[in-house]
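Welcome! Take a moment to look over the model, and then let us walk through a few of its places together.

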Amino acid sequence: MKFYLSIVAFTAILFLSGSCTKVNDQAPGFDMLYQHEFYIPAGIGVFDVHHFQIENIPTRYNEYLAQHGKTNEEITGILTSQATVGGVFGDADLAFIEQVSVRVYDKSDPSDWVEIAYRQPVPLDPGNSLPLIPSLADAKRFLSDSRFSIDVVLWLRNTTQLESQVRLDLQLKATY
């Protein structure tokens, strides 16, 4: 009888703890959306790490705060909810990508960055859209300023054959 009670108690603890849900999904907050396009040129090879930097992006942080009636002190963190790299015209084949890292930084110091999304390894046939895995890193110190920069870092498995116009879609959540 004690054995069955311990199994029931263990199952109840697992169920109540929500082991399959993310904590930040349950926290109150608001979304901050960013969308930027860049080109991946033809002929870049597998022996280098390729950085695609998008600089001086307006955060619109103060606008988001005013829109939701919050102050900077009330925001506990800014975390990535969703991130995707995809072809703009639906014709990109992203199978040449081995790994992706999306990092935010301040333009004044590119060596100080935080990885906000990644994908390692990339599936062999991702098609036109590559969903990234959000990291648990807090990016508030970069996104609470007026401007920030993004570095999309690619490791390739094949040399690119065609130029691809791609879009980075970011959905961040400012929690309070």
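## A guided look

Threonine 59 is buried, with a relative accessible area of 1%; buried means under 20% relative accessible area, exposed over 50% and partly exposed in between, using a 1.4 Å probe and protein chains only. This is a predicted model, in which local features need pLDDT of at least 70, side-chain atom pairs count only at pLDDT 80 or more, and totals for chains, interfaces and linings use all residues. Residues are numbered from 1 along each chain as its sequence is written, and side-chain values use heavy atoms, leaving out hydrogens and water.

You will find threonine 59 in the loop between strand 2 (49–58) and helix 3 (61–68). Helices (H or I, at least four residues) and strands (E, at least two) are DSSP runs, numbered from the N terminus. The side chain of threonine 59 reaches the backbone oxygen of aspartate 145 at 2.6 Å.

Serine 108, by contrast, is exposed, with a relative accessible area of 66%. Its loop sits between strand 4 (97–106) and strand 5 (109–119).

Now to strand 3 (residues 77–87), where nine of the eleven residues are buried. Its pairings are listed below; two strands pair if DSSP finds at least two bridges between them.

| Partner of strand 3 | Sense | Bridges |
|---|---|---|
| Strand 8 (residues 164–175) | antiparallel | ten bridges |
| Strand 6 (residues 129–134) | antiparallel | four bridges |

Leucine 79 stands opposite lysine 173 in strand 8, while threonine 84 has proline 131 of strand 6 as its bridge partner.

Definitions and conventions. A polar contact is a pair of N or O atoms within 3.5 Å; within protein, one must be able to donate a hydrogen and the other to accept it, and residues adjacent in sequence count only if both atoms are side-chain atoms.
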